[in-house]
Amino acid sequence: MESDKPQTYEAVIIGGGVAGASVAYALSKRKIKTLLLEKKQNLSEGASGNPSGLIYPLLTKHKTSESIFSLSAFRFLNEEWEKIENIATSERSGFYKNGICFLTDSESDKDRYFHSLDSHGLGKEETFIKNDISFLPGKEALYFPKGKTISPPLYVSLLCKLSSPHLTIHTYENFLEWEDKSPLQVNTDKRAYQTDKLFLCLANEVLEMPKTKWLPIKKVRGQIVLLPKSELLSEITSSILFGHYLTEDIGFGSVLGASFDEFKYEETTRIYETIELLESAKRSLPVLKTYWEGLEKSPEVLRTRVSCRSQTQDRRPLLGRLPNSEQFKIDNPYKKGESHIRKPPVISYYKDVSILGGLGSRGLNHSLFGAEIVVRESLGEDLPIEQELFEDFKPERFLIRNWKRGTPIED
């Protein structure tokens with residue numbers, strides 16, 4: 001350890017992806033002196049490191065907790081975007097473009113998404129049905145004019161720059177522990193820190209920490225293809241969702257993605273997944289048929305990238321204060337079959353520790369709003385979300401569900 005004397009910060013964030021950068025941004029708006037700890041040498045080397053990603057809301061035929069949260073997050077991000085864009089330096093001016101087309105080829109897609117416009121009260125300035133897309137002849141799409149194609153690494157970098165001078169960034173190789181006392185002591189292999197607030201934004205790494213390994217987070221392996229430039233591809237003037245996705249070129253080339261595997265996590269490229277992505281694109285985007293067929297001849301030479309997103313058991317984000325699972329077991333002994341006669345369980349929390357994680361495939365859309373919620377709760381401010389809805393995203397939901405079933409949560 002470089003120094004025996006702990007360094008002091010008002011807040012410490014662990015994790016330098018889009019979740020950690022979003023928390024840093026939320027704290028900076030309150031001028032809170034913050035340290036961000038990142039294990040990699042660079043920010044956003046994990047799931048936030050793809051060259052292009054998409055921001056759009058999850059919509060369902062009828063309102064659900066997930067769709068309400070996702071649409072609120074989308075609207076919140078667009079409200080913040082003007083501030084972010086205005087402060088952004090000139091060299092970042094090309095890090096995003098507006099406009100996403102969601103193809104509705106099947107009747108089930110049309111039934112789901114067209115009904116969602118009414119059930120969620122979406123106006124034409126947010127999304128509308130479009131069937132005159134020049135680069136998709138004969139196709140009908142749900143168009144999000146405020147949907148965004150962005151560079152996640154540049155976005156993370158920009159959020160951190162906007163958080164200065166209130167933000168400091170340090171790296172570490174091994175996170176050792178945090179001590180549950182006041183002030184909190186956070187220990188890495190390099191330094192010790194003292195802080196009033198700790199925010200865990202480590203994605204999959206929470207599974208390696210003793211106090212959080214009970215959280216039902218799964219890794220989801222995704223593989224993307226970085227597409228070579230082409231005159232045909234240059235005609236695509238907005239990103240397209242079709243089960244998979246094809247991003248517009250925002251200066252780094254277009255991306256075709258992404259595969260989905262929650263069981264095997266090897267970091268090496270799988271040629272068969274590249275071929276499956278190309279075949280799916282050829283079926284959904286026949287206007288580019290000759291382009292896809294040309295790539296299928298030598299899929300092994302295409303550049304690919306593999307990363308693992310974090311996804312919870314119910315695919316909802318983790319937002320809020322971190323409960324103490326060991327204390328929960330002591331306070332609420334498991335008695336199968338008696339949940340209907342018992343009082344609500346007692347929830348004990350670690351002091352001043354919050355988590356933002358399990359963002360899955362929509363982390364870019366959900367992170368800024370999720371960070372605002374987590375920071376407001378930590379500071380005792382009014383929440384930008386109804387309390388009843390917030391309950392559906394708190395980490396203790398998994399403890400409570402298992403308690404009601406009479407099944408202890410696994411460590």
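D352 lies in strand β17, residues 349–357. Strands here are DSSP runs of E, at least two residues, numbered from the N terminus. D352 has a positive phi of about 60° although it is not a glycine. At 25% relative accessibility, D352 is partly exposed, a class between buried, under 20% relative accessible area, and exposed, over 50% (1.4 Å probe, protein chains only).

The model is predicted: local features need pLDDT of at least 70, side-chain atom pairs count only at pLDDT 80 or more, and totals for chains, interfaces and linings use all residues. Residues are numbered from 1 along each chain as its sequence is written, and side-chain values use heavy atoms, without hydrogens and water.

Most residues other than glycine have a negative phi, and most peptide bonds are trans. R315 has a positive phi of about 65°. R315 sits in the loop between β15 (303–312) and β16 (318–323). R315 is exposed, at 53% relative accessible area.

Next come two prolines. The S182 to P183 peptide bond is cis, with omega near -5°. P183 is in the loop between β8 (175–179) and β9 (184–188). The bond from S164 to P165 is cis too, with omega near 10°.

A cavity is a set of points, on a 1 Å grid over the protein atoms alone, where a 1.4 Å probe fits but cannot get out; lining residues have an atom within 4 Å of a point. The lining of the largest cavity is Y56, P57, L58, L59, F102, R112, Y113, F144 and R362.

Technical notes:
1 Å grid on protein atoms, 1.4 Å probe; cavity = no way out; pocket = protein on both sides within 12 Å on 5 of 7 lines; lining within 4 Å. Helix = DSSP H or I, 4+ residues; strand = E, 2+ residues; numbered from the N terminus.
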